[in-house]
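Biologist: Can you put the model up? I'd like to go through the helix packing with you.

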Amino acid sequence: MAAVPDNNIILIGERIHFFRKMRGMKLKQLGQAVGFPESNADVRMAQYESGSRTPKSDITNRLAEALDVSPQALTVPNIA
C-alpha cells in the first residue's frame with residue numbers, strides 16, 4: 001500500500017522561501033550569507049526553493065543561521 005501524501009507537510013524549499021521573504025532578503029543575499037560565490041548564489045538558492053535540489057545538513061545549518069531560525073524550523077516535516 002502506497003503512502004498517502006500529507007498536504008500539511010511544508011517542504012524545506014517552501015520554508016526557505018518563507019523565511020527569506022520574511023527577512024526581506026534576495027536570493028543572492030541569502031546564498032552569499034550561506035557561503036556560495038556571488039556568481040551562482042542566487043541560482044543555488046532558487047534550486048533549493050524550487051525543490052530541484054535539497055540542501056545537505058551542513059548547508060541547512062548555515063541556512064538556518066543566516067535566516068535566524070533553528071535548523072528544525074526548516075526540516076521538521078509537519079509543523080501545525
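Biologist: Which residues of helix 1 meet helix 4?
Modeller: Ile12, Ile16, Phe19 and Arg20 in helix 1 meet Thr60, Leu63 and Leu67 in helix 4. Contact here means heavy atoms within 4.5 Å.

Biologist: How do those contact residues divide by class?
Modeller: Five are nonpolar, one is polar and one is charged. Ala, Val, Leu, Ile, Met, Phe, Trp, Tyr, Cys and Pro count as nonpolar, Asp, Glu, Lys and Arg as charged, and the others, Gly among them, as polar.

Biologist: What should I keep in mind about the source?
Modeller: This is a predicted model, where local features need pLDDT of at least 70 and side-chain atom pairs count only at pLDDT 80 or more, while totals for chains, interfaces and linings use all residues. Residues are numbered from 1 along each chain as its sequence is written, and side-chain values use heavy atoms, with hydrogens and water left out.

Biologist: Back to the pair. What is the angle between helix 1 and helix 4?
Modeller: About 25°, with the axes 10 Å apart. Axes are lines fitted to C-alpha atoms, for helices over the stretch in contact, and angles run from 0 to 180 degrees between N-to-C directions. Helix 1 and helix 4 are therefore roughly parallel. The cut-offs are under 35 degrees for roughly parallel, over 145 for roughly antiparallel, 65 to 115 for roughly perpendicular, and oblique for the rest.

Biologist: And how do helix 2 and helix 3 pack?
Modeller: Helix 2 covers residues 27-34 and helix 3 covers residues 41-50. Their angle is about 100°, and their axes are 7 Å apart. That makes helix 2 and helix 3 roughly perpendicular.

Biologist: Which residues make that contact?
Modeller: Leu27, Lys28, Leu30, Gly31 and Gln32 come from helix 2. Helix 3 gives Ala41, Asp42, Met45, Ala46 and Glu49. By class, that contact has five nonpolar, two polar and three charged residues.

Biologist: New topic. How many helices and strands are there in the chain?
Modeller: Five helices and zero strands. Both are DSSP runs, numbered from the N terminus: helices are H or I with at least four residues, strands E with at least two.

Biologist: How much of the chain is buried?
Modeller: 31% of the 80 residues. Buried means under 20% relative accessible area, exposed over 50%, and partly exposed in between, with a 1.4 Å probe and protein chains only.

Biologist: Where is Asp68?
Modeller: Asp68 is in the loop between helix 4 (57-67) and helix 5 (71-75). Asp68 has a phi near 60°, positive in a residue other than glycine.

Biologist: Buried or exposed?
Modeller: Asp68 counts as exposed, at 64% relative accessibility.
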